[in-house]
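Here's a quick briefing to read alongside the structure. Take a look at the picture first, then work through the points below.

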Amino acid sequence: MTTPAAYQFSEPLAGLIRYCEKDCVAACCGICAFVFSPLHVASYLCTHTGRITAEVLAPSCEKERYA
């Protein structure tokens with residue numbers, strides 16, 4: 001089994017990943033370079049969208065509830 005060298009994420013997910021790379025850089029520290037705390041993620045969502053709604057935060061399986 002081979003592991004892909006890199007994943008290509010579309011915006012805004014790619015922006016969130018870059019935003020969460022706070023403690024170091026991924027090339028050096030791997031997953032430990034990232035801060036995925038709920039407050040940090042909410043801060044990014046608020047900055048990126050201008051608001052945080054239940055629709056943005058809902059898991060994909062619950063999206064139809066907000067449609």
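Is Y44 buried or exposed? Y44 is buried, because its relative accessible area is 9% and buried means under 20%. Keep in mind that this is a predicted model. Y44 also has an aromatic partner, so let's begin with the rings.

**Aromatic pairs**
- Searching the whole structure turns up two aromatic pairs.
- In one of them, the ring centres of Y19 and Y44 lie 5.3 Å apart and the planes meet at 45°, so this pair counts as tilted.
- That pair ties together distant parts of the chain: Y19 belongs to helix α1 and Y44 to helix α3, 25 residues apart.
- Y44 is buried, whereas Y19 is partly exposed, with 25% relative accessibility.
- The other pair is F34 with F36: their ring centres are 5.6 Å apart and their planes are at 10°, so these two are stacked.
- F34 is buried at 15% relative accessibility, while F36 is partly exposed at 45%.

**Around Y19**
- What sits over the ring of Y19? The charged end of K22 does, at 4.7 Å from the ring's centre.
- Y19 is also touched by H40, a residue of helix α3.
- H40 touches C20, K22 and V35 as well, leaving aside residues up to four places away in sequence.
- H40 counts as buried because its relative accessible area is 14%, and the cut-off for buried is under 20%.

**Helix α1 and its cover**
- Helix α1 covers residues 13–20.
- Which residues of α1 are buried? They are A14, G15, L16 and C20.
- Part of what covers those buried residues is α3, which runs over 38–49.
- Here's a handy bit of background: an α-helix has 3.6 residues a turn, so residues three or four places apart point the same way.

- Y7, F9 and L13 make a nonpolar surface patch of about 340 Å².
- L13 has its place in helix α1.
- Why does L13 count as partly exposed? Its relative accessible area is 41%, which falls between the cut-offs of 20% and 50%.

Key: Residues numbered from 1 in each chain as written. Predicted model: local features only at pLDDT ≥ 70, side-chain atom pairs only at ≥ 80, totals over all residues. Heavy atoms only, no water. Patch = residues over 30% accessible without salt bridge, like charges linked within 9 Å, V, L, I, M, F, W, Y side chains within 5 Å. Areas by Shrake-Rupley, 256 points an atom, 1.4 Å probe, with all protein chains shown as cover. Salt bridge = Lys/Arg side-chain N within 4 Å of Asp/Glu carboxyl O. Helix = DSSP H or I, 4+ residues; strand = E, 2+ residues; numbered from the N terminus. Buried < 20%, exposed > 50% of the residue type's maximum accessible area, 1.4 Å probe, protein only. Contact = heavy atoms within 4.5 Å. Phe/Tyr/Trp six-rings, centres within 6.5 Å; stacked < 30°, edge-to-face > 60°. Lys NZ or Arg CZ within 6 Å of the ring centre and 35° of its normal.
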